[in-house]
Amino acid sequence: MLFAALRDMRWRMRRLVIAVVSTGLIFAMTLVLTGLANGFRVEAQRTVDSLGVDAFVVKAGAAGPFLGATPFAEVDLARLAAEPGVVAAAPLATAQLTIKEGTSTRNTTAFGAPEHGPGMPRVKQGRAPSTPDEVAVSSTLDWHVGNDIQAGAHALRIVGIVPNSTALAKRPNIFLTTEGLQQLAYNGQPLVTSIGVVGAPRQLPSGYQALDRAAGVNDLLSPVKSPAGAITIMATLLWIVAVLIVGSLVYLSALERLRDFAVFKAIGVPTRSILAGLALQAVVVALLAAVLGVILAQLLAPLFPMTVVMPASAYLALPLVAILVGLLASLAGLRRAVTVDPALAFGGP
Amino acid sequence: MGDLSIADLVVEYSSGGYAVRPINGLSLDVPAGSLMILLGPSGCGKTTLLSCLGGILRPKSGSITFDGVDITALEGGVLAKYRRDQVGIVFQAFNLVPSLTALENVMVPLRAAGMSRSATRQRAEELLTQVGLADRLKHRPGDLSGGQQQRVAVARAIALDPPLILADEPTAHLDFIQVEEVLRLIRSLAQGERVVVVATHDSRMLPLADRVVDLVPAVASTSRPPETVHLKAGEVLFEQSTMGDLIYVVSEGEFEIVREVAEGGEELVKVARPGDYFGEFGVLFNLPRSATVRARTDAKAVGYTAHAFRERLGVKGLGDLIERRELPGG
């Protein structure tokens with residue numbers, strides 16, 4: 001009785017539209033939240049990739065090359081650079097810095113690396129910093145080459161703009177020379193948080209370990225693990241809300257159509273055909289909502305002040321999850337339809 | 001096509017925990033090609049009987065044989081196939097699906113039978129043309145008159161050309177002009193080998209019928225002298241669900257009034273002692289007895305017809321009786 005189910009949907013078009021819009025909005029919010037959680041990883045990945053190193057050599061036991069690092073003296077840099085398999089090695093440092101430009105104050109993640117790398121990202125405008133009082137900043141700060149900024153007691157001049165470089169929920173990155181960062185963060189002591197290596201060192205000096213880019217990404221993600229977890233929980237709750245909306249629609253539809261189902265059964269329509277019709281309604285609502293959700297997500301994502309990158313897998317999974325949501329949601333309605341007594345058809349109006 | 005035969009049919013259901021038998025030991029035979037009317041007031045079991053004939057309700061006992069097949073023995077898929085292929089039902093209040101057009105309503109049983117979409121559409125158009133609705137194919141039930149809706153319901157019922165048509169109060173919601181067109185249509189269905197069973201409380205339909213079955217036959221209520229009955233302890237005066245024409249007043253001994261409960265067994269409603277009366281509602285309102293009465297001890301009671309009982313009660317007595325006030329002496 002699929003045609004009867006489709007006709008019934010047209011018959012209850014207004015309610016259907018409300019359910020599709022509501023569920024579509026839920027799906028959109030779920031997609032955006034998924035995009036937010038994914039955005040943390042994407043921007044961390046972009047930052048790590050932009051440094052152009054294959055591995056980070058850190059002190060043994062350190063949790064990562066950036067935020068989880070144990071600063072150490074760069075005395076073994078030359079030894080490491082001479083190890084077989086190492087193409088290039090550079091002293092890298094990372095710190096959280098608050099900087100001011102005029103009246104504007106921003107929290108940033110600062111990276112220190114030699115002017116010509118490895119560890120210095122490609123600069124879109126201007127050039128990479130070459131002296132300790134020069135800095136390249138993320139384009140997301142909307143600051144300009146030639147502007148002066150203040151980092152604590154130190155004055156820095158912007159010499160370059162790095163395209164869209166952020167980490168930790170759209171916090172902008174800034175890039176200095178290693179010496180420049182050491183002056184700002186370590187009182188000028190020659191400490192680094194890692195040695196960036198191009199190539200694959202076959203052996204490391206004693207007391208060191210090598211971390212790959214993935215470990216670097218995870219290290220940058222560590223402060224946002226809890227928010228990402230909260231977002232995932234919110235997304236899960238939204239899936240449940242979507243199930244409830246579609247389920248309510250199908251259940252109400254089933255309740256209102258009990259007489260129809262009784263008539264169908266009384267005239268010999270198999271129960272499975274009635275159930276298929278109800279399940280079809282749920283799946284159609286969920287799929288239409290999924291389409292609307294994708295469109296709304298594209299419109300909503302730019303409104304968020306954080307990086308929202310919806311993974312392709314989310315778009316592929318959404319229709320499948322929507323079908324699952326539809327079927328799950330229709331269970332109560334299906335159960336009600338199964339129990340309808342065909343004798344009900346003999347009742348009066 | 002075959003004859004319809006009902007033998008010792010008993011249908012029982014639970015009402016408020018008590019066992020109720022709207023049909024109690026019904027037997028009848030309907031030859032192929034005839035139209036039978038089941039006549040009776042609301043609640044007498046007309047629709048219950050139709051449900052049994054349609055394979056929707058299973059009786060407690062007895063058999064319904066149609067075309068040599070005992071319907072009461074059918075199960076599962078075979079029963080669903082019987083409902084679909086052998087029976088066409090015209091429901092009270094039409095019961096068309098409001099979201100479907102007239103054409104689509106008629107298509108439902110055809111699609112359920114596995115016919116292709118194009119064949120289904122063609123057959124549904126033919127049927128609606130046959131019932132005079134060729135110009136209303138795309139109309140929804142809400143846009144049709146009662147008579148037109150009933151004709152769509154008839155077209156749906158005969159869609160698979162079933163040999164048994166059941167119609168439940170087919171004229172209940174129609175004005176007299178619509179009644180005429182529906183009566184003609186229903187009469188025309190009882191052709192060839194087809195059996196048509198119509199349940200109604202509308203005695204105007206009786207001229208249509210080849211056979212009329214009154215499910216609540218009027219009990220003779222001629223005035224006759226009071227009748228004294230003597231019973232030994234344990235003897236039954238009358239049984240639940242049977243019809244009777246006497247109201248009893250206890251003269252001596254005790255009677256127990258018991259009601260069958262749905263789970264089996266009995267529940268004592270009351271013990272009637274000298275001066276008490278019972279059995280009045282069934283007699284006055286032409287309803288089946290709602291309880292069984294059995295002598296608890298050796299007992300004597302006097303049975304009055306409704307007429308005689310009213311005379312004994314006097315002018316205002318009927319109201320007192322319905323409210324179960326005590327009888328005046330005498």
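**A partly exposed asparagine in chain A**

Asn147(A) counts as partly exposed because it has 14 C-beta neighbours inside 10 Å. A residue is called buried if 20 or more other C-beta atoms lie within 10 Å of its own, exposed if 12 or fewer do, and partly exposed in between, with C-beta atoms placed from the backbone. This is a predicted model, in which local features need pLDDT of at least 70 and side-chain atom pairs count only at pLDDT 80 or more, while totals for chains, interfaces and linings use all residues. Residues are numbered from 1 along each chain as its sequence is written, and chains are lettered from A and ligands numbered from 1 in the order in which they are written.

Asn147(A) belongs to the loop between β6 (134-138) and β7 (148-151) of chain A. Apart from its neighbours within four places in sequence, Asn147(A) is in contact with Glu101(A) and Ile158(A); contact requires that the C-beta atoms of two residues, placed from the backbone, lie within 7 Å. Ile158(A) is 11 residues away along the chain, and its C-alpha atom is separated from that of Asn147(A) by 5.5 Å.

**Chain A as a whole**

Chain A contains 10 helices and 13 strands. Helices (H or I, at least four residues) and strands (E, at least two) are DSSP runs, numbered from the N terminus. The radius of gyration of chain A is 29 Å, whereas a compact globule of 349 residues would have a value near 20 Å. This quantity is taken over C-alpha atoms, and the globule rule is 2.2 Å times the number of residues to the power 0.38.

Along its principal axes, the C-alpha trace of chain A spans about 95 × 45 × 25 Å. Of its 349 residues, 45% count as buried. Among contacts in chain A between residues at least 6 apart in sequence, 83% join residues at least 24 apart.

**Helix α6 of chain A**

Helix α6 of chain A (residues 225-256) has 32 residues, which at 1.5 Å a residue should span 46 Å; its end C-alpha atoms are 47 Å apart, which agrees. The expected span is 1.5 Å times one less than the number of residues.

The buried residues of α6(A) include Ile231(A), Leu238(A), Val246(A) and Tyr251(A). Among the elements that cover the buried residues of α6(A) are α2 (13-51), α8 (271-300), α9 (312-329) and α10 (331-338) of chain A.

**Where chain B meets chain A**

In the contact between the chains, 23 residues of chain B touch 21 residues of chain A. On the chain B side, α1 (46-53), α2 (76-85) and α3 (102-112) each supply at least two residues. The largest share, four residues, comes from α3(B). By class, this side of chain B has 13 nonpolar, six polar and four charged residues. Here Ala, Val, Leu, Ile, Met, Phe, Trp, Tyr, Cys and Pro count as nonpolar, Asp, Glu, Lys and Arg as charged, and the others, Gly among them, as polar.

**Helix α1 of chain B**

Helix α1(B) is largely enclosed by the rest of the structure, because eight of its eight residues are buried. Among them are Lys46(B), Thr48(B) and Cys52(B). The cover over the buried residues of α1(B) includes β1 (4-15), β2, β3 (35-39), β4 (61-66), β7 (164-168) and β8 (195-200) of chain B. After α1(B) comes Gly55(B), whose phi is positive, near 75°.
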